[in-house]
Amino acid sequence: MTAVDTPTPLRPAVTPRARPGAGRVFAAVLRRDLMVTGRELWVILVQVGLTPLFMLFVFDTILGGQGIVGRNFADLFLPGIIALAALTTALQSVALPLVKEFGFTMEIEDRLMAPLPTSLVAIGKLVIATVRGLLAALLIYPLGALVVGSAPWRPAGLPMAFVVALLGAWIGGAIGMSLATTLPVQRINVTFSVILTPIIWTGCIHYPWPRLSLPWYQVVTALNPMTYVSEGVRGALLPEVPHIPAWVCLSVLTGVAVALTWLSVRCFSRRAVQ
Amino acid sequence: MPSRDGPAVVEVADLVKRYPRSDTNAVDGLSFTVAPGEIFGLFGPNGAGKSTTVGILTTRLRATGGRALVGGVDVGRDPAAARAQLAVVPQHNNLDRALTPRQNLVYHATYHGLSRREAESRAGELLERFGLTERADRRIEAYSGGMAQRLMIARALTHDPMVLFLDEPTNALDPQTRLLIWGQIRQLRERGVAIVLTTHAMNEAARTVDRVGIVDQGRLLTLDTPDNLVRGLAGDALLDLTLTPSPADDPEALCAALGELDGVRKAERLASPAVPAGLRPGAGLPGGAGGGAALAALAARAGGGARPGGGGLAALAGAGLLGRGGAAGRNGGGPAGRGRLRVRLHLATDPAALLGAAVTVLTARSAALNAIDIGEPSLEDVFIELTGREPR
């Protein structure tokens with residue numbers, strides 16, 4: 001202690017103001033992101049739509065037309081594309097804005113300063129990412145059908161496909177949030193390529209998992225949560241194609257979602273409060 | 001002790017913060033309180049621990065030790081509740097660029113529990129108060145630095161905080177905006193809002209802040225009203241003398257001799273000026289009077305009622321004390337600063353009364369007086385006195 005520093009007796013403090021209910025504040029923070037999401041709907045469309053739609057077009061219309069790929073490949077491929085859209089849209093739509101908001105603009109500070117536990121601000125981000133992922137999945141379904149001229153349609157499988165896509169989007173959001181809050185800004189781009197590319201190509205988007213003949217590749221794909229999203233959606237829409245059983249997909253995805261939620265909220269909170 | 005009545009709204013006791021992988025404490029046992037309606041200035045050099053302290057108080061950093069309460073809430077134990085009591089205006093623009101200026105205020109209010117309707121009326125009121133109504137619905141990117149700062153302060157007030165933290169509130173702003181902001185700060189004080197502000201524009205802030213804590217190396221060096229700090233540490237007045245000691249004389253001894261005069265609290269050597277002091281009127285004296293005019297008045301008084309600007313100086317010149325070129329402080333002449341000495345005397349008396357005695361000392365030691373500058377000490381002088389001249 002310094003000589004001039006007088007010890008300060010703690011006196012009876014003022015009565016604190018009651019803080020508003022967490023639910024109310026959480027809703028207000030969500031509302032902001034929903035408003036921004038609504039305004040950026042066309043951005044989501046472009047962001048998620050282009051690659052899968054081109055993939056569909058090339059694999060089905062072009063290669064199919066040349067007889068290189070079987071005509072029914074599109075049916076097998078479309079569920080994978082829906083799953084891909086859900087997971088990667090959620091991942092990108094949380095990661096890129098967060099890098100910006102936590103980086104040079106610090107725009108997120110106003111929400112971090114809301115009278116709400118920081119973990120709930122993080123959960124809010126995951127909710128929005130999931131909404132965006134699901135939106136992307138919902139949009140890609142009819143758009144994909146338009147591109148290839150047909151689509152597997154099985155109303156009984158839709159609830160299962162929806163739940164799997166939701167879990168996939170949540171997982172994508174959690175991966176994106178963990179990356180965005182832990183990696184230095186200058187490494188974000190390269191990490192995205194390093195992470196996203198294997199997620200896409202080992203995620204059983206283009207092929208059913210049980211038919212894989214390389215055992216080591218079956219192991220690699222089984223380690224990718226994307227596989228269970230693709231398999232889950234495919235199994236729901238095309239039950240006749242061999243697929244991983246629904247209960248396995250749901251259990252694995254739920255477990256991964258719980259673990260990644262914990263991890264991503266922790267990463268977010270550590271970034272927000274040091 | 002807070003200068004105002006009522007229980008403290010900010011209480012900091014033995015606060016410590018050590019960052020991971022650091023050998024020293026960024027904040028090292030800080031204690032202070034702030035009362036409602038008090039403007040508290042937290043000053044210190046860069047890296048002194050101010051921002052860390054404010055970071056802890058605003059729940060963005062976790063303290064390593066000690067206790068901090070804001071609005072009666074322990075910021076470490078219940079950060080979410082603490083955030084309902086406070087607002088922060090950071091130094092950088094952290095406005096939400098996805099929203100319009102008006103939406104920035106409306107959404108902020110809803111984050112703090114106001115209903116949509118309340119939030120909108122509050123936002124309208126504040127936009128008006130900060131002169132932003134006409135540009136409330138444009139893009140944030142079109143805002144100038146001053147407008148962004150006004151909007152950030154307005155945003156901080158939408159939820160009516162008990163304590164407002166302002167980091168460099170007037171940094172790089174035009175005089176009009178600075179006036180507006182200081183005016184708003186004073187109004188908030190009237191309403192009982194406690195304000196904790198950090199700034200390097202201390203002399204500007206000194207007119208408004210009620211108490212000042214000066215922090216360095218994580219510790220509180222002093223804590224008092226600006227007036228008491230200035231009087232207590234820097235003295236009533238400053239007298240800067242630029243001298244040419246006789247070749248045989250030791251500058252340190254000369255400085256010490258001046259320091260022993262009655263009414264001198266302290267004498268210190270300043271760095272020799274690269275440019276003769278007289279060419280920069282008032283140089284080195286923040287808030288001080290212009291060198292030439294002050295000298296004339298001073299010399300007139302010291303000369304014992306001689307004609308203003310006349311006899312006194314003439315007498316000094318006649319005594320052979322003034323350097324080449326005659327009028328002291330006007331023209332140093334010759335190679336700038338060679339062999340010269342600048343001495344700052346911190347005075348407890350009127351500078352005029354002391355000048356005669358100083359001249360006597362100089363005459364006795366055959367030193368030439370090249371320039372004289374008088375000024376009032378400022379908070380910045382106190383700051384330099386306490387934290388040193390070396391940049392961090």
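Biologist: What should I know before reading the names and values?

Modeller: Residues are numbered from 1 along each chain as its sequence is written, and chains are lettered from A and ligands numbered from 1 in the order in which they are written. This is a predicted model, where local features need pLDDT of at least 70, side-chain atom pairs count only at pLDDT 80 or more, and totals for chains, interfaces and linings use all residues.

Biologist: How many helices and strands does chain A have?

Modeller: Chain A has ten helices and zero strands. Helices (H or I, at least four residues) and strands (E, at least two) are DSSP runs, numbered from the N terminus. Along the sequence, the pattern reads α-α-α-α-α-α-α-α-α-α. The C-alpha trace of chain A spans about 90 × 40 × 35 Å along its principal axes.

Biologist: And what makes up chain B?

Modeller: Chain B comes to 13 helices and 14 strands.

Biologist: Why is A:Val147 called buried?

Modeller: Start with the rule. A residue is buried if 20 or more other C-beta atoms lie within 10 Å of its own, exposed if 12 or fewer, and partly exposed in between, with C-beta atoms placed from the backbone. A:Val147 has 21 other C-beta atoms within 10 Å, so A:Val147 is buried. This residue is found in helix H5 of chain A.

Biologist: Which residues does A:Val147 touch, apart from those up to four places away in sequence?

Modeller: A:Val147 touches A:Leu53, A:Leu56 and A:Phe57. Here, contact means that the two C-beta atoms, placed from the backbone, lie within 7 Å. A:Val147 and A:Phe57 are 90 residues apart along the chain, yet their C-alpha atoms are separated by 6.3 Å.

Biologist: Why does B:Tyr143 count as partly exposed?

Modeller: B:Tyr143 has 18 C-beta neighbours inside 10 Å, so it counts as partly exposed. That residue lies in the loop between helix H4 (116–129) and helix H5 (145–157) of chain B. Beyond four places in sequence, B:Tyr143 is in contact with B:Ala148 and B:Leu151.

Biologist: What makes B:Thr208 partly exposed?

Modeller: The count for B:Thr208 is 16 C-beta neighbours inside 10 Å, and therefore it is partly exposed. B:Thr208 sits in the loop between helix H7 (202–206) and strand E9 (211–216) of chain B. With neighbours within four places left aside, its contacts are B:Ile39, B:Trp182, B:Ile185 and B:Arg186.

Biologist: What share of each chain is buried?

Modeller: In chain A, 42% of the 274 residues are buried. In chain B, 52% of the 392 residues are buried.

Biologist: How do you know that the span of H1(A) agrees with its number of residues?

Modeller: The expected span of a helix is 1.5 Å times one less than its number of residues. H1(A) has 18 residues, so it should span 26 Å; its end C-alpha atoms are 26 Å apart, which agrees.

Biologist: Which residues of H1(A) are buried?

Modeller: They are A:Val25, A:Ala28, A:Val29, A:Arg32 and A:Asp33. They cover an arc of only 125° around the axis, so they lie on the same side of H1(A). The arc is that of the directions from the helix axis to the C-beta atoms. An α-helix has 3.6 residues a turn, so residues three or four places apart point the same way. The face of H1(A) turned away from the buried side carries the exposed residues A:Gly23 and A:Gly38.

Biologist: What do the buried residues of H1(A) pack against?

Modeller: They pack against H4 and H5 of chain A, together with helix H3 (101–111) of chain B.

Biologist: How many residues does each chain give to the contact between A and B?

Modeller: Chain A gives 35 residues and chain B gives 41 residues. The largest share of the chain A side, six residues, comes from H1(A).

Biologist: What makes H3(A) mostly covered?

Modeller: Of its 30 residues, 24 are buried. H3(A) reaches 43 Å from its first C-alpha to its last, close to the 44 Å expected at 1.5 Å a residue.

Biologist: At what angle do the axes of H3(A) and H5(A) cross?

Modeller: The axes cross at roughly 145° and come within 7 Å. Axes are lines fitted to C-alpha atoms, for helices over the stretch in contact, and angles run from 0 to 180 degrees between N-to-C directions. By class, this contact has 17 nonpolar, five polar and two charged residues. Ala, Val, Leu, Ile, Met, Phe, Trp, Tyr, Cys and Pro count as nonpolar, Asp, Glu, Lys and Arg as charged, and the others, Gly among them, as polar.
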